[in-house]
Amino acid sequence: MLFPTVEFGLFFASVMLIAWSLHRFNCLHKLFLLLASYLFYGFWNWSYVPLLFLLSLFSGVIARCIQASSSQRLRKIWLFAGVVVCLATLGYFKYTSFFFTIGLGLWAHVARPPGISIPSPLLPLGVSFFVFHAISLMMDAHRGKLKQAVRLGDALLYVAFFPQLIAGPILRASSFIPQLTSPRNPATIRVNRAFLLIVAGLFKKVVISNLLATRLVEQVFAAPQAYGRGDALLAIYGYAAKIYCDFSGYTDIAIGCAMLLGYRFPRNFNAPYSATNPQDFWRRWHISLSSWLRDYFYIPLGGSRGSALRTGSNLMITMLLGGLWHGAGWTFVIWGALHGFYLIAHRIWNSVPWQSVARLRQTSPWRWAARLLLFHAVCLGWVFFRAPSFDIAFALLHRLTIPGRITLASVPVVLALFLGLAGQYQPLRWRKALECEVGCWHTLLRGAAFAVAIFAIELLGPSGVAPFIYFRF
Amino acid sequence: MRTSRYNTLPQLAAVMAGFTLTILPLESEGLLRWAQRLEVGPAASIAVQATGDLHRVLEPLHIEWVRREGLADLDRLGWSDDPARLQAAQRVYVSSSSGHSQPCAAVVAAASLAVPDRSAATLAHPTPIPLSPSAPASTPLPPLPAITNGQPRVVALAGDSMMAVGLSDILLRETAADPNVRVIKAFRSGTGLARPDVFDWMQEYPAMIGSEHPDAVIVAIGANDGQGFVEDGKVLAFGSDAWMQVYQDRIAAFLSLLTQNGATVVWVGLPPMKSAQYNEKAAVINRVTYTVVSRTPQASWWNPLPHVGDESGRYREFQTTPDGRTTRLRAPDGIHLSDEGAMLLSSALINWLNAPPPPATAQATPPEPPKLRARKAFRRKARL
């Protein structure tokens, strides 16, 4: 069930109505949300609902075992066993065929590979997200961040809660499970903020992202050989805007929906293309994933506590795994490696001790130059992220050297590109002022205004809705 | 005045009431269309009934003009991605600006194809046609017309996501360096011939190709057609005799539209699917399309099984290349083709399209791997 569909609209309206009517009975309320989440997931494929149930049940049981264990060693063993099972599940569904093809390729260098059939299970929707949620639950239990004993029902709902189930944001168990312990307060619903987030998310997804996808990006990435420099550059910028709008649009809708049900989700994007260095970029892009990787992977690896070489290798390993998390393919690995390289280069640059360089970094022109440089470095990474193969990625980069007129810059494309990129520079106070202004309106008028906004988005969007990019992760 | 960031449940209910009271009149037609597009079944019947009643109740308010005018204005600005809608808007615009109701000649000329009357189009294939038992492994392709006055051959790529995902990418890439071939994109994901109420190819295809006269059309369609539909008020279940008859007629009508102006059509059959249930549906659709296409002199049915199936014609996900690499032939969904799969399926088609003038009769056996040839041409061009 995609967010920008009538089906989801009807589903969510019904869930909201029933969930709030049950809010006094917290257990019933949570049970209902859990069943609604399974229904939401089953809408895609019922046969994978047991997997979701079993994995979340397993992580809940392990979290309880960790909490109940008195010895540190036993806690570690439980955690290790839980993480291995979760990663094995992810590995089986997502990486089996990838590693099989690598293995067979290596075998072919030595001898004729055996004629075995490569297992290729259907990738469950959002498996990377719910596996990371399950791991977060066990890790937070191990670190003692969960003050109370984990209830199995809460664990099931935390992993399967439908607004974040298939494309994030990745919630921390320590921030979400405490919200499940008490009934939702019907006097503290952020209705205006929630609706503004949903409208903004729908606009980003349905209008900007879909327009750029159908009229620019997909055409050029399908056959870069047919386009010249202008279109190739436009498509690369277009993809940068498209992936931001697609993913941040989804999480905006998810956060808004959760807010209307009385739950708080963390912010997942914060104007990432306004970042001035790679570290800053990763604090603004997919914040829930980058902080997950930082807390549960980079820091346990040693983080930046060791030598410069050790820190660099930790950064590179983390980013390589981050790349692989996005997809089982070498292009994703290269994307991760590029970002690892950017982070290492930035650390080296930051460690230059000269005073003149330190002063230069503080100047406004330098910050804008850094912003521009970083944006193009990120765009280079997006080429590998989007291209189905290295042939296509290099063909597209090669087209940047071939003169050719711009053929795809129609008014809607240029407008969508401008809004997708320049929209990141809107001051935060505008958003707050808008929320405040809307808050002054009569409640009926507010509802009517949101309806008109959604109607306008429906008219402006292309007739077919492209699936969210992050679903396949 | 300072307002609270938080609202109460009654306030949420009031906002939702305002939302519902506004969205229903604005979207009642949109909701009805959504319901009509659902897969035929009891749920769809209920939805059509409910949204139809709602639309009838709200119609007297005449709020629908907001939607119609809004869409028309956007279409006139070139915002729409729907060729038929754009063309219709252009026609309205020309006729209203010229002050008479006749469409402008230039606009009429923009559509090079006349939409055939469905009943007339099917006369060549009186129904029911007995279904052919099976398709041959390879089909000879008719020669393409000679290139005249240095004009490139125009090739249209038509179909649903079976064309849009993988196949069109490869065909576009491998013909990009050939100055003798110009490709028109006339495909649309999520469409088919079973549900003209959702997407009518008879209207959309002429709008997609505009004033072009394709010399050849490669079409891959049918992946979404494994469903029942309503014809003359009756629900026809997928695979029933009545369904087969109507579906044959639709294919015949579409084929006669594609072959207008003498275009040669290559109809790419559906490859074997990973899901057994879906595979059975694909086999039914293949039998129908093969039966109709094989009786049309200007059309060839391209059998995908020898290219992307295994030895016994079943689903194959991976292949080992002669240099020992293991590559994926199918997309992870088990339905669409990967780039490698599309390349295997279409290598002979690429050679056929790129055949140098004067065109020779192309067969399924390629003289040289097309990727290699296209790369050579690409490098030559890059050097220039």
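Chain A is divided by its domain assignment into domain 1 (6–180) and domain 2 (191–269 + 352–422), with bounds that come from an automatic or database domain assignment. This is a predicted model, in which local features need pLDDT of at least 70, side-chain atom pairs count only at pLDDT 80 or more, and totals for chains, interfaces and linings use all residues. Residues are numbered from 1 along each chain as its sequence is written, while chains are lettered from A and ligands numbered from 1 in the order in which they are written. Here is a guided look at both chains, starting with the two domains.

**The two domains of chain A**

- The centres of domain 1 and domain 2 of chain A, taken over C-alpha atoms, are 29 Å apart.
- Across the boundary, eleven residues of domain 1 of chain A are in contact with twelve residues of domain 2 of chain A; two residues are in contact if their C-beta atoms, placed from the backbone, lie within 7 Å.
- On the domain 1 side, H1, helix H7 (162–165) and helix H8 (173–180) of chain A each give two or more residues. Helices (H or I, at least four residues) and strands (E, at least two) are DSSP runs, numbered from the N terminus.
- H1(A) gives the most to this side of domain 1, with three residues.
- By class, the domain 1 side that touches domain 2 of chain A has seven nonpolar, four polar and no charged residues. Ala, Val, Leu, Ile, Met, Phe, Trp, Tyr, Cys and Pro count as nonpolar, Asp, Glu, Lys and Arg as charged, and the others, Gly among them, as polar.

**Chain A as a whole**

- Chain A has 20 helices and zero strands.
- A compact globule of 473 residues would have a radius of gyration near 23 Å, and the 23 Å of chain A agrees with that. The radius is taken over C-alpha atoms, and the globule rule is 2.2 Å times the number of residues to the power 0.38.
- The C-alpha trace of chain A spans about 65 × 65 × 60 Å along its principal axes.
- Of its 473 residues, 44% count as buried. A residue is buried if 20 or more other C-beta atoms lie within 10 Å of its own, exposed if 12 or fewer, and partly exposed in between, with C-beta atoms placed from the backbone.
- Among contacts in chain A between residues at least 6 apart in sequence, 76% join residues at least 24 apart.

**Where chain A meets chain B**

- In this interface, 48 residues of chain A are in contact with 47 residues of chain B.
- At least two residues each come from helix H1 (6–21), helix H4 (72–110), helix H9 (191–222), helix H18 (411–422), helix H19 (428–440) and helix H20 (443–460) of chain A.
- H20(A) gives the most to the side of chain A that touches chain B, with 13 residues.
- That side of chain A divides into 30 nonpolar, 13 polar and five charged residues.

**Chain B and its sheet**

- Chain B has 13 helices and nine strands, and buried residues make up 41% of its 384 residues.
- Five strands of chain B form an open sheet in the order S2-S1-S3-S6-S7, with parallel pairing; two strands pair if DSSP finds at least two bridges between them.
- Strand S2 (181–187) and strand S7 (299–302) of chain B stand at the edges with a single partner strand each, so one side of each is left without a neighbour in the sheet.
- From one strand to the next, the twist averages 20°. Axes are lines fitted to C-alpha atoms, for helices over the stretch in contact, and angles run from 0 to 180 degrees between N-to-C directions.
- Strand S1 (residues 153–159) of chain B pairs with S2(B) in the parallel sense over seven bridges, and B:Gly159 has B:Phe187 as its bridge partner in S2(B).
- Helix H8 (residues 201–209) of chain B packs on the sheet, touching S1 and S2 of chain B, and its direction makes about 145° with that of S2(B).

**Residues to look at**

- A:His286 has a phi near 45°, a positive value in a residue other than glycine. A:His286 is found in the loop between helix H11 (278–284) and helix H12 (287–301) of chain A, and is buried, with 22 other C-beta atoms within 10 Å.
- B:Asp232 also is not a glycine and has a positive phi, of about 50°. B:Asp232 lies in the loop between strand S4 (229–231) and strand S5 (234–236) of chain B, and counts as exposed because it has 7 C-beta neighbours inside 10 Å.
- A:Ile317, in helix H13 (residues 308–326) of chain A, counts as partly exposed, with 15 C-beta neighbours inside 10 Å. The C-alpha atoms of A:Ile317 and A:Gly340 are separated by 7.8 Å, with the two residues 23 apart along the chain.
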